[in-house]
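Student: I'd like to learn how to read a protein model, one feature at a time. Can we go through it together?

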Amino acid sequence: MTSLHVAPSSDPGRRSVYDGRWLRLERLRIDAGSSELVRAPDGDECVVVLLQGDVVWNGVEACRSSRFDERACAAYLPSSSALAVTAASDAELLVASSRFGDVDGGGEPVLVGPGDVTVQVRGRDAWEREVHDVAVDQVPARHLMVGETFNVPGGWSSFPPHKHDGADGEPELEEAYTFRFDPPEGFGFQAVERAGAPQAFVVRDGDTVGIPAGYHPVCAAPGYRLAYCWVLSGPVRRLEMVEDPRYSWLHTA
């Protein structure tokens with residue numbers, strides 16, 4: 001198994017932060033007063049998440065001054081469609097694209113506002129977190145699912161550890177996490193384990209971890225809130241998580 005850990009970039013423009021089998025992520029920073037045209041690849045689809053900033057995209061205002069205190073805005077782009085973005089303030093976007101080449105073109109972008117985001121509280125005690133579905137049931141995507149998870153300081157998420165790699169009959173999905181911390185000098189840990197072979201990464205503000213397969217829990221350092229945008233892509237767009245049975249006892253403890 002391979003996992004990809006990518007450190008943050010000083011490049012102010014578009015940059016690939018993850019190139020996987022079925023998923024490609026790019027980070028796009030737009031200076032205040034500047035404009036960008038984001039276009040979905042021919043034959044593939046794209047989800048654009050506003051991580052922070054004030055923009056107008058396709059004539060509609062989208063604002064998010066704090067990733068930790070305000071829900072996301074997003075846009076779903078079918079094959080070959082475009083999103084015209086003008087930044088009223090410095091803005092950061094995450095651009096996620098599928099890599100299947102089988103998505104029909106001709107559709108119009110679908111905009112997702114903060115009120116469309118579905119919020120769930122999962123877990124309890126030190127592993128309680130908020131999970132936000134941003135582009136799941138909200139958009140007619142064929143392969144992509146996108147959301148955000150928020151850990152309290154010192155808290156865990158994706159816990160008990162789960163996977164969705166198809167090894168136990170569930171739909172196979174590739175995933176990537178892109179991290180932010182509050183305050184930004186914080187850090188956390190991302191584990192990835194498959195077939196008893198664990199890997200662990202120290203993650204800092206702006207890092208991305210690709211998760212082709214395996215269990216993948218996350219924890220935040222004490223004193224630092226952690227947020228990550230998660231993006232899933234697979235041949236079958238259905239999330240069925242298989243939990244690591246070694247830790248299932250926690251649900252009834």
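Student: Where is the place of Pro-183?

Tutor: Keep in mind that this is a predicted model. Pro-183 sits in the loop between strand 16 and strand 17 (187-194). The peptide bond that joins Asp-182 to Pro-183 is cis, with omega about -5 degrees.

Student: Which residue does a cis peptide bond join to Pro-160?

Tutor: That partner is Phe-159, and omega is about -5 degrees there. Pro-160 lies in the loop between strand 14 and strand 15.

Student: What is the phi of Ser-158 near?

Tutor: It's near 50 degrees, a positive value in a residue other than glycine. Ser-158 also lies in the loop between strand 14 and strand 15. With a relative accessible area of 6%, Ser-158 is buried. Ser-80 has a positive phi too, near 70 degrees, and its place is in the loop between strand 7 and strand 8 (82-87). Ser-80 is partly exposed, at 30% relative accessible area.

Student: Let's move to aromatic rings. What describes a pair of them?

Tutor: You give the distance of the centres and the angle of the planes. Here's a case: Trp-156 and Phe-159 are 5.5 Å apart centre to centre, with 55 degrees between the planes, and the pair is tilted. Phe-159 makes another tilted pair with Tyr-247, at 6.1 Å and 45 degrees.

Student: Why does the pair of Phe-159 and Tyr-247 tie together parts that are apart in sequence?

Tutor: Because Phe-159 lies in the loop between strand 14 (156-157) and strand 15 (162-163), while Tyr-247 is in the segment after strand 22 (242-243), the pair ties together parts that are 88 residues apart in sequence. Ring pairs link Trp-127, Trp-156, Phe-159 and Tyr-247 into a cluster.

Student: Are Phe-159 and Tyr-247 buried or partly exposed?

Tutor: Phe-159 is buried, at 16% relative accessible area, since buried means under 20%. Tyr-247 is partly exposed at 29%, and Trp-156 is partly exposed at 34%.

Student: Now the inside. Where do nonpolar side chains tend to be in soluble globular proteins?

Tutor: They tend to be buried together. In this model the largest nonpolar core has 23 residues, and Leu-23, Leu-25, Val-47, Val-49, Val-146 and Val-231 have the most contacts inside it. Several strands give two or more residues to this core, including strand 3 (23-30), strand 13 (144-151) and strand 21 (225-233). The largest share, three residues, comes from strand 5.

Student: Which residues does Val-49 touch?

Tutor: Leaving out residues up to four places away in sequence, Val-49 touches several, among them Ala-72, Leu-93, Val-146 and Cys-229. There's also a second, separate core of 19 residues, which includes Leu-50, Ala-75, Leu-77 and Val-85.

Student: And what shows where empty space is left?

Tutor: Rolling a probe the size of a water molecule over the atoms does that. The largest pocket has a volume of about 420 Å³. Its lining has 27 residues, and Arg-122, Arg-129, His-162, Leu-239 and Met-241 lie nearest the centre. By class, that lining has 13 nonpolar, eight polar and six charged residues.

Student: How many residues line the second largest pocket?

Tutor: The number is 16, of which Phe-68, Glu-130, Phe-150, Asn-151 and Val-152 lie nearest the centre. This pocket holds about 250 Å³ of space, and its lining has six nonpolar, two polar and eight charged residues. Strand 12 gives the largest share of this lining, three residues.

Note on methods:
Residues numbered from 1 in each chain as written. Predicted model: local features only at pLDDT ≥ 70, side-chain atom pairs only at ≥ 80, totals over all residues. Heavy atoms only, no water. Core = buried A, V, L, I, M, F, W, Y, C linked by side-chain atoms within 4.5 Å. Buried < 20%, exposed > 50% of the residue type's maximum accessible area, 1.4 Å probe, protein only. Helix = DSSP H or I, 4+ residues; strand = E, 2+ residues; numbered from the N terminus. Contact = heavy atoms within 4.5 Å. Phe/Tyr/Trp six-rings, centres within 6.5 Å; stacked < 30°, edge-to-face > 60°. 1 Å grid on protein atoms, 1.4 Å probe; cavity = no way out; pocket = protein on both sides within 12 Å on 5 of 7 lines; lining within 4 Å. Points joined across faces, edges and corners; volume = space filled by probe spheres on them. Nonpolar A, V, L, I, M, F, W, Y, C, P; charged D, E, K, R; others polar.
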